[in-house]
2 protein chains.
Amino acid sequence: MKEKNIKIGLCGFGVVGQGVYSQLSGKKAYLQEQLGANLEVVRIAVRDLNKTRDVSVGSSLLTTDPMAIANDPTIDILCELMGGQGVALEVTLAALRSGKVLVTANKALLCDHGAEIFAAAAEGGGHVLFEASVAGGIPVIKAINEGLIINNFSSIYGILNGTCNYILTRMTNEGLSYQEILSQAKTLGYAEADESLDVDGIDATHKAVILAYLAHGRWVPFENVLVQGVTAVTQDDIAFAKENGYAIKLIAVIDRIQDNGKLYVSVLPTLVSKKYSLGTVDGVFNAISIHGDVVGETVYIGPGAGRNATSSAVIADVVDASKHLIYRCSETRFPFLDPAPRNGAEVELAEPAEIHSRYYVRLLVMDQPGVMAEIASILASHEVSLASVSQKEVNEDAAKASLIITTHMTTEQAIFDAVVDLEALASVEEKPFCMPIGAFK
Amino acid sequence: MKEKNIKIGLCGFGVVGQGVYSQLSGKKAYLQEQLGANLEVVRIAVRDLNKTRDVSVGSSLLTTDPMAIANDPTIDILCELMGGQGVALEVTLAALRSGKVLVTANKALLCDHGAEIFAAAAEGGGHVLFEASVAGGIPVIKAINEGLIINNFSSIYGILNGTCNYILTRMTNEGLSYQEILSQAKTLGYAEADESLDVDGIDATHKAVILAYLAHGRWVPFENVLVQGVTAVTQDDIAFAKENGYAIKLIAVIDRIQDNGKLYVSVLPTLVSKKYSLGTVDGVFNAISIHGDVVGETVYIGPGAGRNATSSAVIADVVDASKHLIYRCSETRFPFLDPAPRNGAEVELAEPAEIHSRYYVRLLVMDQPGVMAEIASILASHEVSLASVSQKEVNEDAAKASLIITTHMTTEQAIFDAVVDLEALASVEEKPFCMPIGAFK
């Protein structure tokens, strides 16, 4: 085996960038043994040259210009760990067009510009590796792409955002409100100062879109994903879940409709049976359940974020890429670094009328005669059939009640339409809160 | 990409062999699209040419001589799906010495002859791929070898035998004895006619030895693994587990002792907290928890056996090998098809005096004065400290009692020695049953 240097550039030197650098330095000898080659970080793009960091590096390595790394022909692998969109997209496209391997943890960028990014790779001879973009340290991209290659994926369910799972877990265990837990989570560093990317389900949606592409070959536009975050979940919902053997989880669903093969992607708070594996994954952990037509169900659980977990995934990609760079015959592209081709560009997206589920609906209603009749009649008019109803007083003075309804199987369209009509009732006080009751096998 | 044929020989055409053949045939076009190459099964070794099978193949493909496949220079990949040792070893070594890729599900063979098999591969230019040998359809070999490559593995815990887990789960849920569940399991096809490989923990040990090699680079001799199956577990143990928030699982432990780095491998019935992920994995499912120094804990759950799950893993290996066969530059060996080198050949094995755990001990004792004093004094003499004691009558006439003791932290050596002394007491009726209380993080 010929000795070789693989030259790596890091764009972004925050938590993850420093983690990757530390691991590559700390385990240099081990990696050399693994590869018979030397992995060398030759350039690091930072925002501020003078900032004090936990990890110290020679100032000669630093630059404030990430494009200098993207355009440096001596660099083999560029790790894009800046996040964001503008500069990150420029750097990504430039690196791929010049034939580099791009290792990225930037799920937002992949979600919004996936097709463009993979086209740039194909055109320029580069490759995109993105294990760290979904579920942190869990090697789930590799599982879908390689370990489960013979499978078609009828459904994938995921707990893909650790902050949401942490908040829901603490709401369940401690009986505190969403707002109380959120402020504590911010203090403890489990939630960002601007929490909206997490708690509104946006981050989980980015990851769901990537999983959908991997499994089915189609980039689903963000706006075609039905997304609701965890901000509207209350202790009434938690209490219902507990009493009925459920946990509330923010679940990403990537489903092929059984009848017609159409693709459905959503990210919604969901009632998950405590008997189902995903119902027991608590705290900041992520989990993905994958149903393959050959293997059946396999489930992957682990840390979905954090410096070290993410570094573990970034370095797995760096090592995979290095193996190919060391052994490739010529300058030809090695197609097996790309996601396994799934010819789903033409897969149709399912309409809400094609999505079947049971639902949970919570309404704040005036506690007065006739209200239940009105509500029941609206549900009936949408052919939504009641499975259970329970009402409890919220506040005696205000004469309001919290009304919780579960339905039999119906369609997403029917429940949407019913909720719109319910909200319009004079006796209904707030926007009703609605979530699917997961029928996970 | 040049069109190419990859020629595959199947040795063994039982449940798994037929599953692999069906999937390769049924998804031929898809695989061709994936690889830009054609995967072709060109020869199948069977025991009986005239047997009627679920999957029909042209008789021209069949041979009764597996060595003819191993020695056929036109065959690229040999899938050894016969099982057993004699012929399987011959075929395996011949295939590897002639530079073929060997894909195997034969955990017993790898456990007993791993060093010889990998040496034959290195010598002859062949490769050994064995995803299907551990945990069936769960791509856990790939996770350890590639996805978690930067990690050192401080501990791996596994539920690696579906039959044992099925029996323990039904004993827990239905209150029936081991013998009752076993006979039902045999009728239902969940246990082999000769169940001893499964229920005595031998199959799980084969898999644990393979995981230990992968994670630490040393083939631990079978006789160095402390193994106890599930046959001695009774409803007394199940009742204790339930009352105290545990499940009983047959757990494989692959551990590096924190103080001295020595390697410890065992397969034992174990009390596992129901709050821990492995405590909730029931039925025929397998699960593996892997602690990496960088990533933290990741957990993998799925079907550990069965025609389709095993086929999914075998085909993943076939596809991985094919990628390399299609793209390799010359006849050179591609080292990255081999397990990631972990230079652990010299890792010392831990002694029982170095293994620390809490233990559960169940004794059948004469219900008479002084017995408890004798037992307590023996435990004290081995410096085993009692955490709890409970006694209940077994049979009033016989004046016997079931005595259940839990200990504080002690060593495996101390508990062994204490149990030997306890068994020698006149007031102790049977061999005491002992299992660790898992301190899984």
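Which residue of S12(B) is the bridge partner of A:Val299? In this predicted model, local features need pLDDT of at least 70 and side-chain atom pairs count only at pLDDT 80 or more, while totals for chains, interfaces and linings use all residues. Residues are numbered from 1 along each chain as its sequence is written, and chains are lettered from A and ligands numbered from 1 in the order in which they are written.

The partner is B:Ile301. Strand S12 (296-303) of chain A and strand S12 (residues 296-303) of chain B run antiparallel and are joined by three bridges; strands pair if DSSP finds at least two bridges between them. Helices (H or I, at least four residues) and strands (E, at least two) are DSSP runs, numbered from the N terminus.

Turning to the contact between the chains, 46 residues come from chain A and 46 residues from chain B, with two residues in contact if their C-beta atoms, placed from the backbone, lie within 7 Å. On the side of chain A that touches chain B, two or more residues each come from helix H2 (28-35), helix H6 (140-147), strand S12 (296-303) and helix H12 (307-327). H12(A) gives the most, with 10 residues.

Within chain A, the assignment, automatic or from a database, gives domain 1 (5-136 + 307-337), domain 2 (140-303) and domain 3 (354-437). The C-alpha centres of domains 2 and 3 of chain A lie 24 Å apart, and their contact takes 11 residues from domain 2 and 10 residues from domain 3. Helix H11 (235-243) and strand S10 (263-273) of chain A each supply at least two residues of the domain 2 side, where S10(A) gives the most, with five residues.
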